[in-house]
Amino acid sequence: MDSCRDDGLLQSAKGFVIHTTEEEIAEHLASVLEWCKKTARFVMNPGEIFNSTTFGEFDQILTEGNQIASCCPQLDASLSDLLLKRGKHIVRAGIARLESLKSQRQVFRSWCDKVDNLFNSSDKKVSLETLRELAQESFKYPSSALVVQRV
């Protein structure tokens, strides 16, 4: 009868999952690394933020970064603590870069709305001076953007 209990105990013990400090560090740093890879696209090609097809992806990356930066595992070991703090620092620095790009994108979207309102208004005539201003402002944005091409 005792061997049956021992077998049952052995079987139930196989289902236990024990996380070590090293595993927690590895999982957290893996998520930091994956986030950095996603972020690199926008940091290395800031013009991507003006592409309307990337708006959702950009916002999602920013949200993920804030989640990673706010949920750092609590560990006692000094080396692990240092590694996690460095990872958090990297993510926070990346978030700062993305926030800067986000503000540039917001200015661009406001400019696009202004252009759309001018071209889609019931008054079909846009003054030459207004067109010159829009053309001058458009130089700040990628020429591949559809609104810039319209101007």
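This is a predicted model: local features need pLDDT of at least 70, side-chain atom pairs count only at pLDDT 80 or more; totals for chains, interfaces and linings use all residues.
**Entry 1. Aromatic side chains**

For Tyr141 I read a relative accessibility of 9%, so the residue counts as buried.

Next I looked at how the two rings meet. The ring centres of Phe50 and Tyr141 are 5.6 Å apart and the planes stand at 70°, so I logged the pair as edge-to-face. I then checked where the partners sit. Phe50 is in the loop between α2 and α3, while Tyr141 is in the loop between α5 (128-138) and α6 (146-150). The pair links distant parts of the chain, 91 residues apart.

Tyr141 has another ring partner, Trp111. Here the centres are 5.1 Å apart and the planes make 35°, so this pair is tilted. Trp111 belongs to helix α4 and Tyr141 to the loop between α5 and α6, so the contact ties together parts 30 residues apart in sequence. Trp111 has a relative accessible area of 6%, which means buried.

I asked which residues make up the aromatic cluster that holds Tyr141. Phe50, Phe108, Trp111 and Tyr141 form one cluster. For the structure I counted six aromatic pairs.

**Entry 2. Fold overview**

I stepped back to the whole chain. I found six helices and zero strands. Read from the N terminus, the order is α-α-α-α-α-α.

I looked up burial next. Of the 151 residues in the chain, 25% are buried. The chain exposes about 10,400 Å², and carbon and sulfur atoms supply 55% of that area.

I also checked the contacts by sequence separation. Among contacts with a separation of 6 or more, 66% are between residues 24 or more positions apart.

How many salt bridges does the structure hold? I found five.

I took Arg41 as the entry point. Glu48 forms a salt bridge with Arg41, and the closest N and O atoms are 2.9 Å apart. Arg41 also bridges to Glu57, with the closest N and O atoms at 2.7 Å. This second pair links distant parts of the chain. Arg41 is in helix α2 (residues 21-44) and Glu57 in helix α3 (residues 55-70), 16 residues apart. I recorded Arg41, Glu48 and Glu57 as linked in a network of salt bridges.

Arg41 has a relative accessible area of 32% and is partly exposed. Glu48, at 24% relative accessibility, is partly exposed. Glu57, at 34%, is partly exposed too.

**Entry 3. Asp59 and Arg105**

I moved along to Asp59. Asp59 forms a salt bridge with Arg105, the closest N and O atoms being 2.8 Å apart. Asp59 lies in helix α3 and Arg105 in helix α4 (residues 78-120), so the bridge ties together parts that are 46 residues apart in sequence.

I compared the accessibilities of the two partners. Asp59 is partly exposed at 29% relative accessible area. Arg105 counts as buried, because its relative accessibility is 3% and the cut-off for buried is under 20%.

I then looked up Glu99, which has its place in helix α4. Glu99 and Asp59 are 40 residues apart in sequence, and their C-alpha atoms are 9.7 Å apart in space. Glu99 is partly exposed, with a relative accessibility of 35%.

**Entry 4. Helix α3**

At 1.5 Å a residue, its 16 residues should span 22 Å. The end C-alpha atoms are 23 Å apart, which agrees.

Which residues of α3 are buried? I listed Phe55, Phe58, Ile61, Leu62, Glu64, Gly65, Ile68 and Ala69. I kept one general point beside this list: an α-helix has 3.6 residues a turn, so residues three or four places apart point the same way.

**Entry 5. Cysteines**

A search of the whole structure returned zero. Cys36 is partly exposed, with a relative accessible area of 26%. Cys112 is buried, with a relative accessible area of 10%.

Technical notes:
Residues are numbered from 1 along each chain as its sequence is written. Side-chain values use heavy atoms; hydrogens and water are left out. A salt bridge is a side-chain nitrogen of Lys or Arg within 4 Å of a carboxyl oxygen of Asp or Glu. Buried means under 20% relative accessible area, exposed over 50%, partly exposed in between (1.4 Å probe, protein chains only). Helices (H or I, at least four residues) and strands (E, at least two) are DSSP runs, numbered from the N terminus. Contact means heavy atoms within 4.5 Å. Accessible areas come from the Shrake-Rupley method with a 1.4 Å probe; for residues, only the protein chains shown count as cover. The expected span of a helix is 1.5 Å times one less than its number of residues. A disulfide is a pair of cysteine sulfur atoms within 2.5 Å. Rings of Phe, Tyr and Trp (its six-membered ring) pair if their centres lie within 6.5 Å; planes under 30 degrees apart count as stacked, over 60 as edge-to-face and the rest as tilted.
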